[in-house]
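Try each task before reading its solution.

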Amino acid sequence: MLISKDNRKAIYQYLFQEGVLVAKKDYNLAKHPEIDVRNLEVIKALQSLNSRGFVKTQFSWQYYYYSLTNEGIEYLRSYLHLPAEIVPRTFLKVAKPVGSRPQRDGERGPRDFKSRGEGEYRRRDDGEKKSAAGGNWKPEFRAGVGRGAPKPAPQ
């Protein structure tokens, strides 16, 4: 598909900036929600990148999910004439604060867990263990309906 150079550059810039791109499978959509380009052109440009191994495509629930590969980053970096220091947002490391975990509003102390002895796990309130069926219990298997029903005697 013929895509103008300006539209292709806008698609590639957005993809490189974010590192990922989502496009709804609607070929008649006038404009992509995040890029000022027709949705069909976005899908076809990324389909071309996918065939060359520069993006990875995942399709789910009528949406295309595209994510850049390392080869794709190198290709877009050369296409857009960007220095090596610039990386997509998905590759940026977020600095986590050093220290302990933040406490909730009501600071609680350490919990005291009561140790349970052997065999006390899930014990009933009355303290009795569930016993097996008695020696005099004999189950009855009566005729049922369907497969378990006895066959009628031949006459």
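Two strands pair if DSSP finds at least two bridges between them. Helices (H or I, at least four residues) and strands (E, at least two) are DSSP runs, numbered from the N terminus. The model is a predicted one, in which local features need pLDDT of at least 70 and side-chain atom pairs count only at pLDDT 80 or more, while totals for chains, interfaces and linings use all residues. Residues are numbered from 1 along each chain as its sequence is written, and side-chain values use heavy atoms, with hydrogens and water left out.

**Exercise 1. Describe the hairpin of β2 and β3.**

Step 1: β2 (residues 55–60) and β3 (residues 63–68) run antiparallel, with six bridges between them.
Step 2: Pick out F59, whose bridge partner in β3 is Y64.
Step 3: Two residues lie between the strands, and W61 takes a positive phi near 55 degrees.

**Exercise 2. Work out how helices α1 and α3 pack.**

Step 1: The angle between α1 (residues 5–18) and α3 (residues 70–79) is about 135 degrees, and their axes are 10 Å apart. Axes here are lines fitted to C-alpha atoms, for helices over the stretch in contact, and angles run from 0 to 180 degrees between N-to-C directions.
Step 2: Angles under 35 degrees count as roughly parallel, over 145 as roughly antiparallel, 65 to 115 as roughly perpendicular and the rest as oblique. The two helices α1 and α3 are therefore oblique to each other.
Step 3: List the contact (heavy atoms within 4.5 Å): α1 gives K5, R8, Y12, L15 and F16, and α3 gives I73, Y75, L76, R77 and Y79.

**Exercise 3. Is E71 buried, partly exposed or exposed, and what does E71 touch?**

Step 1: Locate E71 in helix α3.
Step 2: Buried means under 20% relative accessible area, exposed over 50%, and partly exposed in between (1.4 Å probe, protein chains only). E71 has 48% relative accessibility, so E71 counts as partly exposed.
Step 3: Leaving aside residues up to four places away in sequence, E71 touches G53 and F54.
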